[in-house]
Amino acid sequence: MRRLLFVLPILLFVGLATYFAIPLVDGTDNSVIPSPLIDQPVPTFDLPPLPGREHGLSSADLKGQVQIVNIFASWCIPCRAEEPVLMGLSKTAHVPIRGIDQKDKPEDALKYLAELGDPYTSIGMDSDRHVSIDWGAYGAPETFIVDAEGRIRFKQAAPLTPADVKDTILPLLAKLGTK
Amino acid sequence: MRGWVLALLAALMLSRPAFAVDPDEMLKDPAQEKRAEAIGKQLRCPVCKTESIEESDADFTRDLRKVVRERVAAGDTDQQVLDYMHARYGDFILLKPPFEPSTWILWLAPPLLLMAGGALAWVVIRRRPAAAEPPALTEAERAAIEALK
């Protein structure tokens, strides 16, 4: 009994240390904030198009078929790295990729798209970031998958890599019923 | 020298924690601005994570502050603004997390551990035998004391 009392603090310490060590070594990215918006309908919004373009982006556009929504900006360096992946996805995934251009100057955004290619079916300009905030975003790039009922089913708050596309995005799109 | 030290101490005491709010972000109505600041201090910056949105200099956080101020100006109650952010960013955004099953351990651990420690201390102190009387002096010791007098 007495000996147990001496061992108890050590056991407690080992238990806590293990508990705290697991997330450090199992590859969890603790900078990712879990989103309460998963399985929720997309927020209601209506964003204007880039100058010279016809279609912006509104919540009404996100109903009826599975779609990818990508928040990007010309000032965002990781977005540049992600752009080729989105270009590839736009050719292989057969779902619309919608862009939310976050806090960008229209001319910068147009230059960015001319330079790197435009994978987007349509782009809405979120000049004051309010719509990004409605999507629970905290930076760029962020990628969402929205199902045919207009519900957010997936979110990644980091640039998509080819591995993400192969291991996560394409399987999920297949599961949600796209060709 | 002493004057300098005093001046330095005074300056340190007068300084306020630096807030990142620019004057042009502030609401015109001082009462509303005060409320917005109080709300912002309860919201955790999702970019920098260890600061409130009132303290953070991140560009993104500026826009979060703006949203808070817009909602306050539009007549939202404090709770409505907090709920608005909570609906979008979850428990993460609240510097003071709500009391719910997933946070019970967080809230209850400190008082429970304190009580457990107190109970343990109580038991240990009660069990310890009262300090024994010091043994009486031997004849030889008494003799030695007498000799000293």
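Student: How many helices and strands does chain A have?
Tutor: Helices (H or I, at least four residues) and strands (E, at least two) are DSSP runs, numbered from the N terminus. From that end the elements of chain A run α-β-β-β-α-β-α-β-α-β-β-α. The count is five helices and seven strands.

Student: What kind of model is this, and how are residues and chains labelled?
Tutor: Residues are numbered from 1 along each chain as its sequence is written, and chains are lettered from A and ligands numbered from 1 in the order in which they are written. Local features need pLDDT of at least 70, side-chain atom pairs count only at pLDDT 80 or more, and totals for chains, interfaces and linings use all residues, for this is a predicted model.

Student: Why is chain A described as more spread out than a compact globule?
Tutor: The globule rule is 2.2 Å times the number of residues to the power 0.38, and the radius of gyration is taken over C-alpha atoms. The C-alpha trace spans about 80 × 35 × 30 Å along its principal axes. Chain A is more spread out because the rule gives 16 Å for 179 residues, while its radius of gyration is well over that, at 21 Å.

Student: Where is A:P141, and which residue does a cis peptide bond join to it?
Tutor: A:P141 sits in the loop between α4 (130-134) and β6 (142-146) of chain A. Most peptide bonds are trans. Here omega is about -5 degrees, and the partner is A:A140.

Student: Which residue stands opposite A:I145?
Tutor: Two strands pair if DSSP finds at least two bridges between them. β6(A) and β7 (residues 152-156) of chain A pair in the antiparallel sense over four bridges. In β7(A), the residue opposite A:I145 is A:F154.

Student: How many residues of chain B are in contact with chain A?
Tutor: Two residues are in contact if their C-beta atoms, placed from the backbone, lie within 7 Å. Chain A contributes 13 residues to these contacts. The number from chain B is eleven.
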